[in-house]
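Dear colleague,

Please find below the structure that I am handing over to you.

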Amino acid sequence: MSESTVTLSDAAAKRIAAVVAAEQDKRALRVSVEGGGCSGFSYKFDLEGAPESDDLVITKDGATVVIDPVSLVYMTGSEIDFVDNLLGQSFQIKNPNAVASCGCGTSFSV
């Protein structure tokens, strides 16, 4: 699997590096896709100590993101971004595979 299948924006890398640095024994942000949400699938974000042997590992500017192979099927070509605006702060996935998404921005369908 190539690192180019999912990318991190500069803002996401900066935020992930800061969040992980503040947590003892955590080294990476795990992004996964689960069934559910108002559009069929939803993204889940967890802090991890170490990647699994079959994870895609993405590194940028001191940030590490890990994605399991099943989730990667739904996320290929996506960009992970971090948005800080009047509505709040959040990680957002810009997923070209999603044919529909909900207003909350955390669920999608393919």
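Rings of Phe, Tyr and Trp, the last taken by its six-membered ring, are counted as a pair if their centres lie within 6.5 Å. By this rule, three aromatic pairs are present in the model, which is a predicted one. One of them joins Phe 41 and Tyr 74, with 4.7 Å from centre to centre and 40° between the planes, so that the pair is classed as tilted. This pair links distant parts of the chain: Phe 41 belongs to strand S3 (residues 41-48) and Tyr 74 to helix H2 (residues 69-75), and the two are 33 residues apart. Tyr 74 is partly exposed, its relative accessible area being 25%. Elsewhere, Phe 45, Phe 82 and Phe 91 are linked by ring pairs into a cluster.

I turn next to helix H1. The helix spans residues 10-21, twelve residues in total, and reaches 17 Å from its first C-alpha to its last, which is close to the 16 Å expected at 1.5 Å a residue. Which residues of H1 are buried? They are Ala 12, Ala 13, Ile 16 and Val 20. These residues cover an arc of only 100° around the axis, and therefore lie on the same side of H1. In general, an α-helix has 3.6 residues a turn, so residues three or four places apart point the same way. The face of H1 turned away from the buried side carries the exposed residues Asp 10, Lys 14 and Ala 21.

H1 also lies across strands S1, S6 and S7, running at about 75° to S6. These three strands make up an open sheet in the order S1-S6-S7, with mixed pairing. S1 (6-8) and S7 (88-94) are the edge strands, each pairing on one side only. From one strand to the next, the twist averages 25°. S6 (residues 78-85) and S7 run antiparallel and are joined by seven bridges; Ile 80 has Ile 93 in S7 as its bridge partner.

A further set of pairings involves strand S5. Strands S4 (residues 56-60) and S5 (residues 63-67) run antiparallel, with five bridges between them. Among the bridge partners in S5 are Thr 64, which pairs with Thr 59, and Ala 63, which pairs with Lys 60. S5 is also joined to strand S2 (residues 28-35), this time in parallel and by two bridges; here Arg 30 has Val 66 as its partner in S5. S5 is mostly covered, with four of its five residues buried.

The loop between S4 and S5 deserves a separate note, as Asp 61 is found there. The hairpin has two residues between its strands, and Asp 61 takes a positive phi near 50°. Is Asp 61 buried or exposed? Asp 61 has a relative accessible area of 60%, and since exposed means over 50%, this residue counts as exposed. With neighbours within four places in sequence left aside, Asp 61 is in contact with Asp 10, Ala 13 and Ala 17. The C-alpha atoms of Asp 61 and Asp 10 are separated by 8.0 Å, although the two residues are 51 residues apart along the chain.

With kind regards

Notes. Residues are numbered from 1 along each chain as its sequence is written. This is a predicted model: local features need pLDDT of at least 70, side-chain atom pairs count only at pLDDT 80 or more; totals for chains, interfaces and linings use all residues. Side-chain values use heavy atoms; hydrogens and water are left out. The expected span of a helix is 1.5 Å times one less than its number of residues. Buried means under 20% relative accessible area, exposed over 50%, partly exposed in between (1.4 Å probe, protein chains only). The arc is that of the directions from the helix axis to the C-beta atoms. Two strands pair if DSSP finds at least two bridges between them. Contact means heavy atoms within 4.5 Å. Rings of Phe, Tyr and Trp (its six-membered ring) pair if their centres lie within 6.5 Å; planes under 30 degrees apart count as stacked, over 60 as edge-to-face and the rest as tilted. Axes are lines fitted to C-alpha atoms, for helices over the stretch in contact, and angles run from 0 to 180 degrees between N-to-C directions.
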